[in-house]
Amino acid sequence: MVGMAVRLPGADRLDQFWSNLLAGRDCVTRTPVEQLRGLVDDALLDDPRWVGASGRISRPFDADPSFFGMSAKEALLTDPQHRLLLATVHQALEDACHVPQRGSGTTGIYGGLGSNQHAAIVRAVLANRDEPADELAIEVGNDKDHGIAKVAYRLGLHGPAIAIQTACSTGLVALHQAGQALMGYECDAAVVAAAAIRVPDRYGYLHLAGGIGSPDGTCRAFSAAAAGTVSSDGVVAVVLKRYEDAVAAGDRIYAVVRGSAVNNDGSKSGYAMFSAAAQERVIRDALLFSELDPKMIGAVEAHGSGTPLGDAVEWSALSAVYGPAGNAKVGSVKSAIGHTREASGLAGFVRMALSIYHGQIPATLHVDTPAENVMRAGGLSLAMTTADWCPPDRRTGAVSSFGLGGTNVHVLLEQAPDVGAAEPRLASELVLISAHTETAADRTAAAWHDAVRTGALSLDEAADVSQFGRRHGRVRQFAVAKDAAELANELDRCPAVSTTSPSLCFAFPGIDDQYPGMAAGLAGQLPGFAERLREYMDICSEQAGRDLSDYLRPASTGPIDPRLRRRPTATARVDESTDLVASEAMSLSVQLALAASLTGLGVRALAVVGQGLGELAAATYANVMRSSDALRLAVERARLVAAQPEGAMLTVALSRAEAEELTGPDIHLAVVNSPRSCVLAGAYTDIEKLAKRLEQRGRPGSLLPTRSALHTPLLAEAGAELAELLVGVPLSPPDVAMASNLTGVWATEAVAEPSYWQRQLTSPVLFSDALRSAADCCDALVEIGAGRLRTLAAQSQTRLGDKVIATVRREYQNETDVDVLLRALGRLWQMGVEPDWQALRPDVRPLRTSAPPTATEDQPFWIAEGAVLPGLTSLPAPPHGTSTSEATRAPSAPATRSVGPDELEAVLARLWQEILGDAAPTSTDDFFELGGDSMMSVRLLAGVKEAVGLVVPAPVIFEDSSLGGMARRITEWRDRIS
């Protein structure tokens with residue numbers, strides 16, 4: 001058992017339920033008669049037999065349909081049991097950190113629901129409003145046959161979805177069936193769930209002599225004063241996996257189910273009577289199947305309904321099996337919460353599982369004096385006070401549940417072996433927060449922060465659960481943090497953002513900002529990066545004829561001089577040129593290794609752009625050339641450049657036009673980085689003089705760390721030799737869109753010609769234009785390597801800088817490589833990219849534990865006679881104030897065929913409101929995202945037929961499922977066939 005969730009009297013959460021049990025809190029609601037006036041028929045309240053006691057859950061009619069892709073109209077017509085079952089199963093899956101769609105095998109669901117009158121109420125309200133009843137929608141929304149299957153549908157559970165109905169033993173029989181399915185490999189995980197919510201709402205009952213209702217509204221299981229039970233509402237869901245699978249996955253295991261058995265009383269004196277012999281048999285069968293000795297059982301969660309006859313029969317059976325030489329303590333959850341009918345067996349199961357998990361046996365309430373047969377029993381005793389398990393390290397318990405009609409079930413469970421605590425991780429962690437609305441995301445983030453701050457959840461656990469154990473919603477926040485305080489700050493700084501389907505561009509920087517040891521901190525964090533980097537540098541070293549690996553290690557000298565001039569003499573190995581080969585080899589190797597490693601995580605680029613040397617990396621990613629050829633070419637390129645006369649490059653904060661005014665025979669425009677930043681190049685002495693003149697004018701420039709005048713005619717000889725080297729290298733047109741340095745627009749087949757790379761070395765780099773081309777078609781610019789892309793992007797276009805995501809820290813940044821990478825992955829995930837989190841840490845077993853559930857925005861959704869509908873205020877009103885019957889009449893064909901696109905959109909909007917029950921949709925709203933499904937589509941098709949007077953084919957209507965798009969498609973089709 002790896003996960004569970006409850007909605008029980010006095011407890012919306014599992015921790016509340018356990019706290020109530022330990023505190024001995026009676027959670028049955030007892031309401032004085034005068035407070036029920038107006039809620040309950042006065043004839044009942046004035047009857048002396050009225051007992052105002054009921055096990056009630058909070059907000060039973062609240063729901064958040066949009067969280068599950070359900071329309072408001074569908075939620076309103078759906079049995080609250082179905083809705084609460086869906087929500088509770090979702091919480092149990094979250095508690096188990098089990099995401100069915102994320103490579104976790106097949107998930108099944110077994111369970112059942114109680115009966116109520118919701119469907120009858122729906123029909124009555126619709127009839128009173130002269131509203132046609134959609135019988136199929138009412139059946140699917142209310143019948144017990146559909147509740148379990150709808151959970152599978154809404155949550156994407158592809159295993160068996162089996163509805164089980166055995167009255168009060170429904171939940172525990174479902175658990176037995178789920179165990180059999182797991183053992184038979186019908187599924188890899190199984191949800192077991194049961195819901196019992198009474199509709200209309202119940203505040204009490206009439207006590208009838210000889211009936212099962214308690215005369216004073218108190219359930220006294222196995223007490224001498226036992227006189228009946230109290231009916232309650234409740235929903236319980238648990239998640240089971242095969243033990244070996246749970247251990248392998250690192251799941252938190254509450255308890256291990258050793259085995260179970262089910263039987264039936266068979267023939268007896270009356271359908272509602274009990275059979276001690278049948279109960280004894282089912283207990284012995286479960287023990288036999290589980291290979292457990294009765295004396296090993298330390299506690300029994302009995303059916304214990306508090307009826308004198310039922311308790312006596314059950315105690316007789318328990319005593320026959322567990323009494324001799326036993327020492328089991330017996331209890332019943334019904335004494336605290338009442339009888340939750342179909343969910344009662346699972347409620348008792350959860351109580352026992354928590355008891356085993358925490359090592360405490362909660363007290364059974366209201367016993368005072370035990371029944372006479374209990375007093376006489378040997379070996380068994382009532383748990384009348386909360387006590388620790390004895391022995392504490394061998395906890396094995398049993399649970400019974402008996403259904404009206406005689407379907408009996410007994411389950412045995414035991415303490416999970418201790419797998420030891422995980423070692424703490426000292427690095428920063430990435431915590432992902434998501435929900436379906438901004439408000440829900442903010443509430444979820446606040447709950448997670450509080451859990452980490454109070455120590456209920458470690459930062460490591462928060463990271464693992466958020467990455468592996470949650471279904472990720474469309475509104476997202478993230479935080480990279482080392483402790484709780486930093487987590488809070490980061491979440492505050494990171495607004496919730498709705499995801500898209502982002503297109504990414506990998507942007508590869510030039511030589512401006514590389515430094516020794518660049519990205520060295522990623523070696524132990526990014527899978528495959530270190531191996532690829534070593535492989536690429538080995539290729540470069542072989543080509544260079546010397547070991548270049550020293551450049552992979554961080555320099556022991558200080559940072560770049562902040563005055564943006566030449567670096568200090570201490571870093572001369574970077575600037576003073578015998579290491580131009582090593583510098584460019586390292587820069588390209590890092591870029592190629594990082595791009596390949598990110599792609600391995602599922603971060604893939606739609607387009608690429610590179611600056612100067614970075615264009616080689618871009619071309620390699622676009623498969624213009626092989627990585628080995630690109631690396632060898634980079635080494636030879638650096639050699640050729642280094643052999644040319646000494647030059648220099650000066651970055652200036654000038655527009656292209658202003659920079660070109662400074663050019664001449666000795667000064668050349670080398671790079672156009674942005675509308676406000678260019679690079680001029682020439683002989684070193686000429687550039688030095690220019691730098692001094694600009695400084696005197698108050699326009700100082702910054703010398704780049706190179707001794708060459710790259711991208712100028714001064715490298716014509718090197719360019720020609722480079723073209724000759726490329727003649728034997730296989731080149732291909734790019735198969736990924738590539739923005740060209742030479743043209744600033746998308747590269748053509750010309751990039752596969754040696755002459756392109758010759759000109760790339762001797763002609764100006766139009767990076768500003770190339771960057772704009774890339775940004776125009778992509779949602780994010782992922783900077784592969786250390787560079788100034790954010791600055792240049794911000795200079796190029798308003799808010800273009802917001803698209804830039806850095807993956808490697810710049811040398812002066814006071815944060816680690818890991819922090820920068822995690823923040824990049826967080827931003828990409830926030831946009832809608834789904835990195836492979838398991839691949840990011842293949843050697844780390846995720847920590848799976850309870851964490852705050854994903855918040856929802858619940859509101860009341862209930863339907864009652866008199867047409868009071870707080871969930872929607874009312875059913876959608878007919879258009880233009882007409883009566884419902886008038887509104888549903890089909891208009892004449894000539895009038896409807898003349899409906900224009902705008903008017904048709906308004907007609908469609910009213911149809912959507914009627915079908916979905918939501919507020920007025922906007923032109924961009926999507927029918928299916930608002931909760932539309934196949935059955936609703938049929939109704940929409942019929943409504944469209946009435947609107948246009950023709951049968952419009954479904955492919956036409958749903959070619960574009962947005963409101964505006966749907967109206968346009970219908971109009972175009974109608975006009976085409978007219």
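# Close-up views of the model

**View A. Three bridges link strand β23 (residues 607-610) with β28, and the two strands run parallel.** Within this pair, Val-608 faces Met-738 of β28. Helix α21 (residues 614-621) packs on the sheet. There α21 touches β22 (504-508), β23 and β28. The direction of α21 makes about 160 degrees with that of β23. The model shown here and in every other view is predicted.

**View B. The β23-β28 pair belongs to an open sheet of five strands.** What is the strand order? Read across the sheet, it is β28-β23-β22-β29-β30, with parallel pairing. Two strands stand at the edges, β28 (737-739) and β30 (804-806). Each of these edge strands pairs on one side only. On average, neighbouring strands of the sheet are turned by 25 degrees against each other, direction ignored. In general, strands of a sheet pair through backbone hydrogen bonds, either parallel or antiparallel.

**View C. An open sheet of six strands has mixed pairing.** Its order is β11-β18-β17-β12-β13-β15. Why is one side of β11 and of β15 left without a neighbour in the sheet? Both β11 (256-264) and β15 (381-382) stand at the edges with a single partner strand each, so one side of each has no neighbour there.

**View D. Strands β17 (residues 396-402) and β18 (residues 407-414) form an antiparallel pair.** Seven bridges hold this pairing. At one of these positions, Ser-400 has His-410 of β18 as its bridge partner. Two helices that pack on the sheet come into view here. Helix α8 (residues 170-183) touches β11, β17 and β18. The direction of α8 makes about 60 degrees with that of β18. Helix α13 touches β11, β12 (299-301), β13 (329-331), β17 and β18. The direction of α13 makes about 170 degrees with that of β17.

**View E. Helix α1 (residues 14-23) packs against helix α13 (residues 344-358).** The axes of α1 and α13 lie 11 Å apart, at an angle of about 80 degrees. The two helices are therefore roughly perpendicular to each other. From α1, the contact takes in Leu-14, Phe-17, Trp-18 and Leu-21. From α13 come Ala-347, Val-350, Arg-351, Leu-354, Ser-355 and His-358. By class, the contact of α1 with α13 counts seven nonpolar, two polar and one charged residues.

**View F. Helices α10 (residues 276-290) and α11 (residues 308-322) cross at roughly 40 degrees.** Their axes come within 8 Å. The crossing of α10 past α11 is right-handed. On the α10 side, the contact is made by Ala-276, Gln-279, Glu-280, Ile-283, Arg-284 and Leu-287. On the α11 side, residues in the contact include Val-313, Glu-314, Leu-318 and Tyr-322. Nine residues of the contact of α10 with α11 are nonpolar, two are polar and three are charged.

**View G. The axes of helices α25 (residues 716-726) and α26 (residues 754-762) come within 8 Å.** They cross at roughly 155 degrees. The helices α25 and α26 are therefore roughly antiparallel to each other. This crossing is right-handed. In α25, the meeting residues are Ala-716, Ala-718, Gly-719, Ala-720, Leu-722, Ala-723 and Leu-726. Their counterparts in α26 are Pro-754, Trp-757, Gln-758, Leu-761 and Thr-762. The contact of α25 with α26 has nine nonpolar and three polar residues, and no charged ones.

**View H. Two loops show backbone features of note.** Most residues other than glycine have a negative phi, and most peptide bonds are trans. A cis peptide bond joins Val-199 to Pro-200, with omega about 0 degrees. Pro-200 sits in the loop between β8 (189-196) and β9 (205-206). Asp-368 is not a glycine, yet its phi is positive, about 55 degrees. The loop that holds Asp-368 runs between β14 (360-361) and α14 (372-376).

View I. The mean pLDDT of the protein is 87, and 92% of its residues reach 70 or more. The pLDDT is below 50 over residues 557-578, a stretch with 42 contacts in the model beyond near neighbours in sequence. Over residues 866-897 the pLDDT is also below 50, and this stretch has 54 such contacts. Where pLDDT is low, the predicted coordinates should not be read in detail.

How values were computed
Residues are numbered from 1 along each chain as its sequence is written. This is a predicted model: local features need pLDDT of at least 70, side-chain atom pairs count only at pLDDT 80 or more; totals for chains, interfaces and linings use all residues. Side-chain values use heavy atoms; hydrogens and water are left out. Axes are lines fitted to C-alpha atoms, for helices over the stretch in contact, and angles run from 0 to 180 degrees between N-to-C directions. Helices (H or I, at least four residues) and strands (E, at least two) are DSSP runs, numbered from the N terminus. Angles under 35 degrees count as roughly parallel, over 145 as roughly antiparallel, 65 to 115 as roughly perpendicular and the rest as oblique. Contact means heavy atoms within 4.5 Å. Ala, Val, Leu, Ile, Met, Phe, Trp, Tyr, Cys and Pro count as nonpolar, Asp, Glu, Lys and Arg as charged, and the others, Gly among them, as polar. Two strands pair if DSSP finds at least two bridges between them. A crossing is left-handed if the near helix is turned anticlockwise from the far one by less than a right angle, and right-handed if clockwise. pLDDT is the predictor's confidence in each residue, from 0 to 100.
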